[in-house]
Amino acid sequence: MYNNESSGPAFEEFLDLLGERVNLKGWEKYRAQLDTKTDSTGTQSLYTHYQDYEVMFHVSTMLPYTANNTQQLLRKRHIGNDIVTIVFQEPGALPFTPKAIRSHFQHVFIIVQVEQSCSDHTYYKVAVTRSKDIPLFGPLFPKGARFPRSPAFRDFLLAKAVNAENAAEKAEKFRSMATRTRQEYLKDLAENYVTTTPIDSSTKFPLLSLGSKRKDKLKGAKGAELHSAGALVWAVMATSGNEGETGGHKLPCLLGVSAESVVLIERYTRRVVFNCCCRDVIGWKAVIDSRAIGGPCLDIFYERGEAVSISVMDSQAEEIREMVQRLELVTRGCEAREVTPLRDGVGQPGFLMSEEGFVTDLQRFGYAESGGLQLGARVVRLCGYALVHLGPEERTRLLRTAHKIHITVIPPDENGKPRRSFSELYQKAIQDAERKPGEGQSGEAWVLDEREEEEEMEEEEREQGEGKEAETMEGPAEGGEAEDRLSETGQGEKDQGDQGSLLSPPSLPLLRATSLPLKLCFSLPVLSETTDSSEEEWQSIADLATACRSILEAFDSPGHLEEKVSQLEDMLKRLQDDLQKEKEDKAVLQAEVQSLRQNNQRLQEESQSTVARLIKVTELLCNVNKPC
């Protein structure tokens, strides 16, 4: 096989199927130990790509041929050291046996036999033989299978060869050779490349200190994982109960914080015990000092001011700092503040807050303001209790009778506006859209029976009347007990009695028109996560609520079902036409703005040129008028 001086048409056709011929001189890609400078191993070879592999074939007829030399060492030097060998047989060739080749490396032979070569009906037969210590490898094929000449056969053959190479690495001979080679490399590394430079133990991962430049590079790369979009996980203990309570149940959990959500998973049962969106996180309170009561801990405040408390071991206090850094990157929240406002001379705390906990009024130059309290700040804890779980009477009692008023507040955002979660923004936008005058009912997304709807309205009016009576707080304005500085502003409705809330479960009876075979396409606005202002998000949600309400009104209007569907289709078509027109107008305006910018730039250049000319003319006139 090594003495073939040239290749026949069938072999050339097979080579064209496997890859492309490349010139070795100057070749810069994978060369498989072939000479690419002096052409000592031939002038050309066969090269191809398969998935992520570069394949260079050692082709016997392309390697140098030496006349009167039966050994053909220049060819055997490469082909004899290959692990996988493809043997091509033309029609009429004698059967191949691996015993005819003596080699310590050739362990797999893939025999390809061609029939009806150089025709439109060329096909190949394949057989594989391997050493006993090499495991079975794929792709498998039935005995006696015939493969037509096609790209699929090329992929099959290359996959078979690559898998054979990988399977051979598991053979005892090659595994022992690889182990011996690695040992020699390690021995050479330990004997010839040692250093007396001390190890810098101040870093988290001890590395060899190779100079100040290397230290700066490592320091700059610290914390790069905090910017990952995937979840970062810490082992923590989740604590139940309010702040200051002892004996709270602690649950070993895994805290995961990704770019989208915050999740607590019980460590042993893999059960999700808490999860919320990152956009619902409004703040956090971190305690890193291991000498504090309870050790290092972190309270994460979300939605309306609810909190989840986690703690770590004293030796892992640095992980609390990492959690805070991660929250700063993926949420809009901020660090909570502890404020202890003293009462004034008449026993008042010096600030007013709404039912949601937002500071609406602040006594100028009072104890609360000097203690760091700001307008628009959000109170999330009052005397160690979650404010969202306290009723108006409990809040008033704590502010009047507590030995010391201790509050935890979330500062307002950069624009001075209160920090709200995304869930609150959504609900507030829906409520604002419902309260617009002249729009009738609240626009809930549930179709009610007329009788049930009237009963619902009567119940809401009765609750509103009770809420208005609860808003009035008793107490003399002068003398005796002073009026309490804390006033609960709001609508006076309790959460458990709010039957008209859009977040209530859909337990109301629906009409039988729910199986209406109607398909509607909406273009929903995507809320931006980068903007600091919340007004645009509220407006987008309000527009969405208005569109839904208009659809419900169309369903309630008199007429047949076909007319309602037609009205909705016309409405949708008009909206799409208006959107297309706005896009075209926007494109025209952008073109005009670009044209105006170019004209403005040209006028500025002409103005500068004119000024330069006037200066030169002025200088010339001054020189002419000077006396000689």
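View 1. Cys334 is buried, at 15% relative accessibility, and Cys383 is partly exposed, at 21%. Buried means under 20% relative accessible area, exposed over 50%, and partly exposed in between (1.4 Å probe, protein chains only). Because the model is predicted, local features need pLDDT of at least 70 and side-chain atom pairs count only at pLDDT 80 or more, while totals for chains, interfaces and linings use all residues. Residues are numbered from 1 along each chain as its sequence is written, and side-chain values use heavy atoms, with hydrogens and water left out.

View 2. Rings of Phe, Tyr and Trp (its six-membered ring) pair if their centres lie within 6.5 Å; planes under 30 degrees apart count as stacked, over 60 as edge-to-face and the rest as tilted. The ring centres of Phe14 and Tyr124 are 5.8 Å apart and the planes stand at 55°, so this pair is tilted. Phe14 belongs to helix α1 (residues 9-18) and Tyr124 to strand β6 (residues 123-130), so the pair ties together parts 110 residues apart in sequence. Helices (H or I, at least four residues) and strands (E, at least two) are DSSP runs, numbered from the N terminus. Phe14 is buried at 2% relative accessibility, and Tyr124 is buried at 0%.

**View 3. Tyr124 and Phe153, a stacked pair.** Here the ring centres of Tyr124 and Phe153 lie 5.0 Å apart with planes at 5°, so the pair counts as stacked. Since Tyr124 is in strand β6 and Phe153 in helix α3 (residues 151-168), the contact ties together parts 29 residues apart in sequence. Phe153 is buried, with 2% relative accessible area. One aromatic cluster takes in Phe11, Phe14, Phe88, Tyr124, Phe141, Phe147, Phe153 and Phe156.

**View 4. Charges over rings at Tyr123 and Phe105.** A charge sits over a ring if NZ of Lys or CZ of Arg is within 6 Å of the ring centre and within 35 degrees of the ring normal. The charged end of Arg146 is 3.9 Å from the centre of the Tyr123 ring. Lys173 lies over the face of Phe105, 5.7 Å from the ring centre.

**View 5. Leu189 in helix α4 (residues 172-192).** At 48% relative accessibility, Leu189 is partly exposed.
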